[in-house]
Amino acid sequence: MYIVPFERLKSITEIQSEQNVKETKNNSVAIPFKEIFDAAIDDVKQTDAVKKQDTINLALGKADDLHNIMINANKASLAIDFAMELRNKALDAYNEIMRMGI
C-alpha cells in the first residue's frame, strides 16, 4: 500500500497572490454557487456508484478488503451530508432575502 505524503500548506501571501491573479483575470473574486453545487452533486453520484459497486462485490464474495468498502461508504455518506448542507444554506439564504423589506 502506498502512503501519500502530506503536501505543504500555502502561506497567506501565496493565497493572496493567487486571489490577486484571479481578480485581474475576472475583476472579481466570486465563486459561482452553481459550480460548487454541481460539483457536490457530481461527487454524490460518483461516491454512490462506487458504494453500490462495493456492496455488490461484497455480496458476491469478490471483495476481500472490508476497510476500503467502509471508507467508500463513509465518503458517500459525507458527500450526501455536504450536498444537503449546501441545499439548506441556499434555502436559508433565499428565505432571508424574501424576508427583507424593500
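A: A residue is called buried at under 20% relative accessible area, exposed at over 50% and partly exposed in between, using a 1.4 Å probe and protein chains only. By that cut-off Asn-72 is buried, because its relative accessible area is 18%. The model is predicted, so local features need pLDDT of at least 70 and side-chain atom pairs count only at pLDDT 80 or more, while totals for chains, interfaces and linings use all residues. Residues are numbered from 1 along each chain as its sequence is written, and side-chain values use heavy atoms, with hydrogens and water left out.

Asn-72 belongs to helix H3. Beyond its neighbours within four places in sequence, Asn-72 is in contact (heavy atoms within 4.5 Å) with Val-50 and Asp-54.

Helix H2 spans residues 33–60 and helix H3 residues 66–99; the two pack with axes 8 Å apart, at an angle of about 150°. H2 is therefore roughly antiparallel to H3 (the term applies to angles over 145 degrees). The contact of H2 with H3 comprises 17 nonpolar, 3 polar and 6 charged residues.

As for the setting, the protein has 3 helices and 0 strands (DSSP runs, H or I of at least four residues for helices, E of at least two for strands), in the order α-α-α from the N terminus. Of the 102 residues, 10% are buried, a class that includes Asn-72. Among contacts between residues at least 6 apart in sequence, 56% join residues at least 24 apart.

Note on methods:
Axes fitted to C-alpha atoms, helices over the stretch in contact; angles between N-to-C directions. Parallel < 35°, antiparallel > 145°, perpendicular 65-115°, else oblique. Nonpolar A, V, L, I, M, F, W, Y, C, P; charged D, E, K, R; others polar.
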